[in-house]
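Subject: Structure handover

Hello,

Here is the structure I promised to pass on.

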Amino acid sequence: MAVRLYPGGDVKANLTDSESLRTPSIVRGEAKSPSPPPPPHQQPPAPPTLGHAGFPEGGARAWLTVSGASACLFVSFGWVNCAGIFQSHYQANQLSNYTPSEISWISALQIFFMIFSGIWVGRIFDSHGPAALLLVGSFMHVFGMMMISLSTTYYQILLSQAICSAVGASMVFFPAFTCVSTWFLKKRGAAMGLVVCGSSIGGVIFPVMLINLIPKVGFPWAIRICAFLVLALLIWANFTVRTRIPPVKRPFDFKAFLAPLRELPFALLTAGIFFFYWGMFVPFTFIVVEALAGGMSENLANYLVPILNGASIIGRTIPNAVADKLGHFNVMISMAAFTSILILAVWLPSSGDAAIITFAVLFGIGSGAGIGLTPVLIASISPIQQIGARTGTAFSIASIAALTGSPIGGAILTSANGAFQSPKIFGGVACAVGTLLFIAARVALVGVKPKKF
């Protein structure tokens, strides 16, 4: 009997012709009855239920996991969302003798290592569970932030912020997503929205803390205070984030990471995530610098990051809940198209404070939905026992986009003599290509029929 695990955890059996026969066999003219089943004490244990009934869809442990996972996103992606604050601060202070493109590599590598590390974090999670990852990741993230407060040169900031802290953040980021996926199926979009909402709240709190603390206590102590907040939240996460599926130890095989890419829908989805992230991080990195160049006051420009992240709370919760009703791919395609239009039709021709603030609000909603729905889409087309590894595969490829998007935008900005139109076009076109690939992935899965998917 061949058993196939379908998306969402449904198990279906495909019987061969010989296995499907229930009438007596005719052998040499004699009928043979099927062999009687073995006594109950000799029968193998029944396999665990993996269908819809196997997902609790709630309960104390499930919602505690959601709360801890939201804390993980607060301290990981929420911290990364401060890219615009660091870009402007480094350009004006420690790294004033470096070009915008060179400085943007710090945030780009930070995002890259946080996302790319999923290629091995996912495999460790599937084999050993989340406990060790959360513990080691908590130490590395907090230690890296403390080292940022002591860093004064380019390479020191690169090692502490872009590598040590980022790898630690990855080790709490991926288990958060994967653990929540094991508790929910029908409500997975809504649950994931609450988890990803943590990154939006972190993206509001951390920039506001830095904006107000740096002038009062200096950059080093501002970073240390943020690190203490991260430590407190990660202690909570270590006690609450749990998976419902017991780990299954597997030998490390790099081919296992490439195997999902042989599936056309998964390959198209991964390509869509790549291009969407490639363009999406351009506004995150350069919106503050562009606003300052356009004459916006420094105080108001710095608040563009928390404004953007505050609006993304809407984008990372409401679309996810709606997607449970209308289809995750359907909503993702709509919000990705909305984000592409915003960059090309609103940010590209914008001028003046009001226009840029409006773009920041709307872009926060659109990009927030894109970030929040990404792990839901991956989980929806993955066997539940492989969600960790397959999420790592998709995100590790997307990390290359996160690594190169902002530096490419910075290089384009430098070659255009400070004209922001060119990097805006690059970001908008990349997001549009990602939208088309999301459509292609949906068509490969269910065709062009207007149905919930």
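Predicted model: local features only at pLDDT ≥ 70, side-chain atom pairs only at ≥ 80, totals over all residues.

Helix α4 gives the most to the lining of the second largest pocket: five residues. The pocket holds about 350 Å³ of space. Its lining has 15 residues, and S88, H89, N93, E298 and N302 are the closest to its centre. Which elements give two or more residues to that lining? They are α4 (83-92), α9 (188-217), α12 and α13 (298-302). By class, the lining of this pocket divides into eight nonpolar residues, six polar and one charged.

The structure holds two cavities of 30 Å³ or more.

The largest cavity has a volume of about 130 Å³. It is lined by 15 residues. Nearest its centre lie F125, D126, I245, P246 and Q385. Two helices to look at here are α6 (118-128) and α18 (387-415), as each supplies at least two residues of the lining. The lining of the largest cavity has seven nonpolar, six polar and two charged residues.

The second largest cavity has about 40 Å³ of space. Its lining is made up of V80, N81, A83, I111, F281, F284 and T285. Which helix gives the most to this lining? Helix α12 (residues 264-293) does, with three residues. Five of the lining residues are nonpolar and two are polar. None is charged.

Last, the surface. V217, W221, I225, F228, L231, I235 and F239 form a nonpolar patch there. Together they have about 690 Å² of accessible area. Helix α10 (residues 219-240) gives the most to this patch, with six residues.

Take F239 as one example from the patch. F239 is found in helix α10. Is F239 buried or exposed? F239 counts as exposed, because its relative accessibility is 65% and the cut-off for exposed is over 50%.

- the nonpolar surface patch, including W221 and F239.

Best wishes

Key:
Residues numbered from 1 in each chain as written. Heavy atoms only, no water. Patch = residues over 30% accessible without salt bridge, like charges linked within 9 Å, V, L, I, M, F, W, Y side chains within 5 Å. Areas by Shrake-Rupley, 256 points an atom, 1.4 Å probe, with all protein chains shown as cover. Salt bridge = Lys/Arg side-chain N within 4 Å of Asp/Glu carboxyl O. Helix = DSSP H or I, 4+ residues; strand = E, 2+ residues; numbered from the N terminus. Buried < 20%, exposed > 50% of the residue type's maximum accessible area, 1.4 Å probe, protein only. 1 Å grid on protein atoms, 1.4 Å probe; cavity = no way out; pocket = protein on both sides within 12 Å on 5 of 7 lines; lining within 4 Å. Points joined across faces, edges and corners; volume = space filled by probe spheres on them. Nonpolar A, V, L, I, M, F, W, Y, C, P; charged D, E, K, R; others polar.
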